[in-house]
Amino acid sequence: MKANEKHRLFFLIVLSGLLLGVSGCSTRRNTLAARLYHRLTSHYNVYWNGKQSLDKGANEIRTDAMDNFSQVLRVYNYGDEALAKRVEPLMQDAIKQSSEGIQQHSMVFNGQELIRWVQYSYLLMGQANFYKKDFTAARRIFEFVSQKYNYAPIHYYGMLWLAKTYIESGDYEKADAELNLLRSRLTDENFPIPLKMELPLVEADFYIARNNLDDAYPFLEQGLKTCRNKELRTRIMFIIGQINQRQGHLNTAAKYFKEVIKRNPVFQLDFEARLRLATSYDTLQQDHKYVEKTLKRMASSNEYQPFLDKIYYALANVAEKSHQDSMMIHYLRLSVSHSKKDNWQKTTSAVKLAKTYFNKGNYPLSQIYYDTAVQSMPKNYPDYDQLKKTASVLSEVVNNTQIIQVQDSLQRMAKMDTATLYALIDRRIKDLKKTQQKEAEVLAEAQNYTPVSNPTTPVAQAGGIWYFDNPAAKSRGYNEFVRQWGNRKLEDMWFLSGKQSMFPSQTAQNESGTTTQPAFTGHGKKEILNASGPLSRAFYLKNIPRTNQEFRISDSLIMSSYKDLGFIYLQTLHDTIHALNTYLALQNRFPADPEKLQNWYMLYQIYSGLNQESKAQVYRDLIVNNYPNSLYAKVIQNPDYYKQLVTEHEEETQLYKRTYNAFENQDYYRTLNYTERAMHLYKDDTVLMPKFLYLRAVSLGKVQVPDSLYNALQLLVKSYPNSDIVPRANEIILMLQKEYGIGITPEQRAALLAKEKNKMTASPYVFDATAPHLVMMLVKTGTVQIRPLIVRLSDFNQKYFPKGHTEIKNITFDSTYRLITVGSFGDMIQTAAYYQALKENAYVFSGISQKDYELYMISLRNYSLFYKDKNIQSYKEFYDEHYK
């Protein structure tokens with residue numbers, strides 16, 4: 001409570017006491033005076049206690065609220081949710097005291113509250129809710145104060161705090177309306193003077209919150225003239241300096257920053273003012289070397305060590321102004337590496353560095369810093385979603401580039417003679433021993449990471465055989481590691497959990513104790529058996545392709561990655577040059593690619609966009625002459641062909657809607673009429689045609705005999721085996737076989753009925769599509785190499801599901817099988833996406849016969865039952881019934 005408020009309260013108490021002592025006063029007046037005196041003195045104590053709690057909490061917020069100096073400061077900083085939670089007990093006490101005072105001491109006469117401090121208690125309750133960020137409750141109370149007490153000056157305060165509430169809750173239209181209403185009332189006779197002084201600052205805060213700095217500026221200047229609070233005046237000066245610096249008025253900005261420093265502000269505000277003063281210089285009039293010297297002096301000062309990230313970022317901006325790109329990159333990297341607590345600054349530095357590398361076409365390094373930015377980026381950072389998307393796209397670029405580089409290197413190594421290969425490996429091992437500790441120290445410094453004794457795994461790359469020669473690969477660092485794998489100790493096979501159960505010893509053995517032979521033969525067969533990490537030859541030999549099948553798999557990975565890269569460069573990054581080089585490399589390396597038609601069309605598009613008509617004509621002729629009936633040829637020859645396809649599809653969709661409506665209305669003859677028409681007009685369609693055929697089949701079953709239904713469904717299944725309607729069709733076919741024996745022999749029907757009867761036996765498993773699921777693989781240990789399979793499975797996860805919950809576990813199931821699980825996933829739908837992609841991936845199951853493994857989805861509940869029961873057939877029957 002301010003001193004003048006206490007004086008007024010004391011005056012009223014004294015006045016009411018005097019009334020009691022005046023002789024000749026009426027009994028009614030004496031009674032009123034006595035009640036007034038009692039209520040004033042009682043409520044004074046209650047209100048004062050609540051006000052103390054409110055002021056204590058508000059001061060704590062003002063002291064501890066963290067400012068984001070990377071943006072223009074708000075005039076008022078009410079802290080974050082965590083700080084609001086911390087002061088909530090104080091605010092609750094203020095609300096409690098105010099509520100009790102109102103209930104016990106309110107006195108209304110002729111529709112007006114006589115106890116002025118009851119009015120202030122309501123305002124105090126609203127402020128307490130505001131500070132603890134319960135804006136809904138605060139809004140209701142401030143609305144009540146502004147309307148209920150419209151006869152008293154306090155209702156203006158209710159209006160002002162209501163505007164503040166709308167600003168903090170982001171309801172800017174209502175905030176603007178409330179501020180406009182307050183402006184219109186400025187000439188009212190009883191408009192409080194303190195409110196006139198504060199209103200410009202609230203209006204400035206409103207415009208800053210909306211990032212409208214031009215409109216905020218005049219209100220800041222006006223507020224600076226009227227504000228009497230020293231700390232707030234210093235803050236306003238700093239904000240004015242920030243705005244001038246952003247708008248290029250560097251001399252004016254420097255003037256305000258100097259004023260801030262003169263006023264001896266709190267340490268961080270002093271530092272930020274000095275930092276901005278150093279960088280508020282005109283490159284045409286001032287020497288950047290003096291600024292660099294000033295900033296470097298700050299960087300060497302012990303008191304500014306916590307702010308090195310900001311100082312290096314400022315140095316990077318100075319280097320940028322003086323066109324020193326290499327120094328700018330150097331300082332930005334230092335800023336990122338020294339940013340330990342300020343995630344906003346770390347994100348800002350990383351994004352600037354990522355964009356710099358991106359503009360230079362260095363996508364691997366750009367991806368590294370985009371990834372760093374995404375991991376440290378606050379949710380309210382500008383362009384949050386777009387930055388995450390860019391990071392994701394560049395991750396795809398890097399992943400595909402690495403696949404090409406690694407496979408190229410492995411193929412070149414496979415073609416070397418043994419002596420050359422061993423000499424190369426030995427040289428690299430020697431180099432690795434010399435550099436591993438140095439690299440670990442650099443990584444520890446750059447990524448705040450404690451080095452371990454085991455070296456990181458070097459991977460082969462295209463440019464110089466070994467992928468660890470690539471700076472981008474070496475710099476992927478700790479952030480990428482944690483994002484992909486979580487916090488794990490760095491050791492061989494760190495990407496797996498349950499390794500002890502998987503590899504009891506360094507020698508690979510199956511469950512029967514027989515030593516398992518490696519998948520590859522040729523160079524280093526003995527060394528492969530004794531693989532022990534990146535300091536052994538075997539480490540580099542184990543993934544080299546040897547057989548024709550392994551080379552085909554390697555080639556398929558390279559081709560797939562080239563195509564993904566070309567598409568990303570062209571369609572997402574709009575980098576025509578990289579796209580052109582990628583598609584040309586694909587064309588030159590794999591001229592017999594089965595999908596070369598698509599590659600030709602991409603090259604045709606690129607050359608046409610570059611106005612290189614002669615080169616575009618080459619690929620146009622290749623497409624039209626070799627594939628005249630292809631979609632690409634038709635689009636090239638008729639630019640409106642695609643529009644015609646869209647129109648045709650829309651017409652087909654409308655016909656399907658009419659067909660389905662007729663079917664729903666049980667108008668089966670009309671349904672058959674529509675489906676016959678669709679079969680004639682859209683016979684080449686593969687999306688809606690299976691659905692037309694399904695409606696036709698069921699309608700035939702309704703108007704003819706079951707045999708007609710059976711034959712129509714068989715036509716559907718045979719014509720469109722991959723359609724999502726086929727499982728439903730197969731269910732009906734199976735029902736017809738069991739019920740009527742259609743299409744099968746009596747013996748086959750008897751077997752089906754017997755199987756159905758067996759299924760009626762209660763199963764221990766429960767089907768729940770919403771439950772968390774695993775993908776489960778049962779692998780025969782006697783014929784399948786487990787370790788290479790796990791490595792390929794991990795490669796698959798990294799490439800296709802880098803952000804999924806794809807933790808791999810590997811345990812013994814019985815004497816015949818090893819049990820490998822991946823997951824868990826959120827529900828059956830998410831699990832099915834992973835299951836289908838894994839099932840169709842030739843790389844993971846390369847060299848493994850289908851009879852040597854089984855692949856299932858299983859819920860976590862059913863998994864525990866399955867592992868305990870160990871009855872594969874029982875679960876297979878349950879699986880076939882519910883999942884297939």
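Asp134 is partly exposed, with a relative accessible area of 28%, a class that covers residues between the buried (under 20% relative accessible area) and the exposed (over 50%), as judged with a 1.4 Å probe and protein chains only. Accessible areas come from the Shrake-Rupley method with a 1.4 Å probe, and for residues only the protein chains shown count as cover. The partner of Asp134 in a salt bridge is Lys132, with 3.9 Å between the closest N and O atoms; a salt bridge is here a side-chain nitrogen of Lys or Arg within 4 Å of a carboxyl oxygen of Asp or Glu. Lys132 is buried, at a relative accessible area of 15%. The model is a predicted one, in which local features need pLDDT of at least 70 and side-chain atom pairs count only at pLDDT 80 or more, whereas totals for chains, interfaces and linings use all residues. Residues are numbered from 1 along each chain as its sequence is written, and side-chain values use heavy atoms, with hydrogens and water left out.

By this rule, the salt bridges number 27. One of them joins Glu168 to Arg74, whose closest N and O atoms are 2.6 Å apart. This pair links distant parts of the chain, 94 residues apart, since Glu168 belongs to helix α6 (residues 154–168) and Arg74 to the loop between α2 (27–64) and α3 (81–105); helices are DSSP runs (H or I, at least four residues), numbered from the N terminus. Glu168 is partly exposed, with a relative accessible area of 22%, and Arg74 is likewise partly exposed, at 24%.

A further salt bridge is formed by the side chains of Lys563 and Asp593, at 3.0 Å from N to O. Because Lys563 lies in helix α25 (residues 548–572) and Asp593 in the loop between α26 (576–589) and α27 (596–609), the pair ties together parts that are 30 residues apart in sequence. Lys563 is buried, with a relative accessible area of 17%, and Asp593 is also buried, at 3%.

Glu648, Glu650, Glu651 and Asp684 form a negative surface patch, a patch being made of residues with over 30% relative accessible area and no salt bridge, with like charges joined within 9 Å. Asp and Glu count as negative, and the place of a charge is taken as CG of Asp or CD of Glu. Asp684 is located in the loop between α31 (668–681) and α32 (689–703) and is exposed, with a relative accessible area of 71%.

How values were computed
Patch = residues over 30% accessible without salt bridge, like charges linked within 9 Å, V, L, I, M, F, W, Y side chains within 5 Å. Helix = DSSP H or I, 4+ residues; strand = E, 2+ residues; numbered from the N terminus.
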